[in-house]
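Please take the sequence and the coordinates together, and read the paragraphs below with both in view. The account begins with the chain as a whole and then turns to selected places along it.

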Amino acid sequence: MTTAERKPHTLDDPAHDRPKSLDAIDTHAQQAQKLDAGAVNDQARKVGSAATSANDLGDDLKRFRDDVLRHWEGKDADAVADHLEKLGKASYQVSDKAEAAKNILQRVSEILDDVKKKVAQLAQEANDKDADNRALIGAARKRKNSTDDESEIAAAASDIERLRQLNEKDSNGKKEEIERVLDEAEKQIDDLLKPLGLQIEGGFVELLPAEEGTKASSAAPTPVDTTVHHTPVGHGSGSGGGDHGGGGGAVAGVHGDGRPAKPIDARGDNPAKIAEKFLGRNASDLKRSGELPAMQPWVPNDVNCANFVSGCLEAAGLIDKSQASASVAGLAANLEADGWVSIPLSEAKPGDVVIANGGHHVVLYAGDGQFIGSNNVNPDGSQKVSMGGGGGLVKILRAPAG
C-alpha cells in the first residue's frame with residue numbers, strides 16, 4: 001500500500017502543513033509586544049527626580065550647617081551642626097540609592113525594548129520561512145493530485161511528508177532561539193533587579209518584591225525600594241566609573257574557593273597602596289568579597305568607582321562606614337564636611353582623592369602623575385581596579401592633618 005493510500009486525508013489537508021511550534025512562536029511574539037518598556041522608563045525618571053531632590057536637600061542642609069558654625073558658637077551650636085550633618089548625610093544616601101535605582105530601571109527598559117524587537121524579528125522570520133515551505137508543500141500536493149501514475153503519486157506524497165518535517169524542524173529551531181532570547185533577557189533583568197529587592201514572577205508578566213529565600217505572592221507591581229545609590233551609569237570610556245554590562249552577578253570574593261575573604265588589615269596604610277593590593281580584580285568580585293567592608297554589594301557593576309575608593313579610605317582608617325558612599329558627589333560632600341581640603345595637582349600626594357571626568361568619576365592619586373581606581377576597562381563595560389581614570393580633573397581632596 002502506498003503512502004498516498006495510507007494517508008490520503010492527511011496529505012491533502014493544508015491544516016497539517018502548519019508546524020505546531022509556530023503557535024508557540026506567535027504566542028511568544030504577542031506576549032513580547034505587551035512588554036511596556038516606556039512605563040519602566042517613566043518610573044526611572046520619577047526615581048531620578050527623587051534622587052535630585054534628595055541631593056539638593058543634602059546641599060541645603062550642608063549650607064545651613066556651615067552658616068550655623070559661622071554665626072553661632074558653643075555647645076548648642078555644635079549639637080545643631082552635628083544634627084544637620086547627620087541629616088545631610090542621610091539625604092545624600094537616599095539620593096545615592098534612588099539614583100542607582102534609576103540607572104537600573106533605565107537598563108531594564110532598554111532590555112525590554114530590545115527583546116521586543118528581537119522576538120518580533122525572529123517570529124517574522126519563522127512565519128516567512130513557513131510560508132516558503134508551505135508553498136513547496138502545496139506544489140507537491142498539486143503534483144500528487146494531478147496524476148494517476150502511482151509512482152508519481154508516491155513520490156509527491158513522500159515530498160509532502162519530507163517538506164512538512166523540514167518545516168517543523170525550521171519552526172522548532174526558531175522557537176528555541178526565541179525562548180533563548182527571552183530566557184537571557186529575564187536573567188539579565190533578574191540580576192539587575194536583585195539589588196532593588198525585586199524579581200520577575202511568571203516570566204515578564206509582573207515585577208514583584210522578593211522576600212529573601214521565598215517567592216513573593218503579591219499580584220500587583222510594587223514601587224521601587226529606593227535603598228540603592230547615586231552614580232551615573234557611564235563614567236566615560238576606558239577609564240570611567242562603573243560595571244554596567246556584566247549584569248551585577250554575585251561572584252565569590254576569593255578566586256577559587258567560593259568563600260568570602262576576610263577584611264584586609266590596613267589601618268594606617270596609604271589608601272593608594274591599599275588600592276594597589278587589588279589591581280586586576282573585578283569590582284563585581286571585590287564588592288562582595290568582604291575584603292573592603294565599606295564597599296556595598298548592591299552597587300551596579302559599572303558604577304563602583306566611589307564604592308571602591310570609599311572601601312580603601314575606610315580600610316586605611318581615614319573615614320568610617322557612615323561616610324562611605326557609592327556616589328561621587330556624596331563621597332566628596334562627606335569628605336569636605338569632615339574637613340578634607342582641595343589642593344592643586346602639583347601638590348598631590350599618593351592617597352589623595354581625585355574627582356575627575358567632570359565630577360562623575362573618583363580615583364586615588366598613586367604618585368608620579370598616575371591614578372588608581374575602579375575603572376570601566378572590561379570589554380562588557382564593567383569595572384576593574386586599574387591604573388588610570390584621572391582625565392577631566394575637577395579637584396583633589398586631602399585628609400585634614402592629624
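What follows is a walk through a predicted model, from overall figures to individual residues.

In this predicted model, the protein chain is built with 10 helices and eight strands. Of its 402 residues, 44% count as buried, and the accessible surface comes to about 19500 Å², with 50% of that area belonging to carbon and sulfur atoms. How far apart in sequence are the residues that touch one another? Among contacts between residues at least 6 apart in sequence, 68% join residues that are at least 24 apart.

Two stretches carry an annotation that can be set beside the model. The unreviewed UniProt entry gives "coiled-coil region" for residues 98-132 and 168-195. Over residues 98-132 the model is 100% helix and 0% strand, and the C-alpha atoms at the two ends of this span lie 51 Å apart. Over residues 168-195 the chain is 93% helix and 0% strand, with 42 Å between the end C-alpha atoms.

Which residues of helix 3 are buried? They are Ser21, Leu22, Ile25, His28, Ala29 and Ala32. Because these residues cover an arc of only 115° around the axis, they lie on the same side of helix 3. The partners against which the buried residues of helix 3 pack are helix 5 (75-145) and helix 6 (150-193).

Cys305 is found in helix 9, and it counts as buried because its relative accessibility is 0%, where the cut-off for buried is under 20%. Although Cys305 and Val363 are 58 residues apart in sequence, their C-alpha atoms are 6.8 Å apart in space.

Ser327 belongs to the loop between helix 9 (305-315) and helix 10 (328-337). Is Ser327 buried or exposed? With a relative accessibility of 0%, Ser327 counts as buried. The side chain of Ser327 also reaches the backbone nitrogen of Gly330, at 2.9 Å, and this distance falls within the 3.5 Å used for a polar contact between N or O atoms.

Key. Residues numbered from 1 in each chain as written. Predicted model: local features only at pLDDT ≥ 70, side-chain atom pairs only at ≥ 80, totals over all residues. Heavy atoms only, no water. UniProt positions renumbered as here; feature names shortened; annotations may be inferred. Helix = DSSP H or I, 4+ residues; strand = E, 2+ residues; numbered from the N terminus. Buried < 20%, exposed > 50% of the residue type's maximum accessible area, 1.4 Å probe, protein only. Arc of directions from axis to C-beta. Contact = heavy atoms within 4.5 Å. Polar contact = N/O pair within 3.5 Å; in protein donor to acceptor, adjacent residues only side chain to side chain. Areas by Shrake-Rupley, 256 points an atom, 1.4 Å probe, with all protein chains shown as cover.
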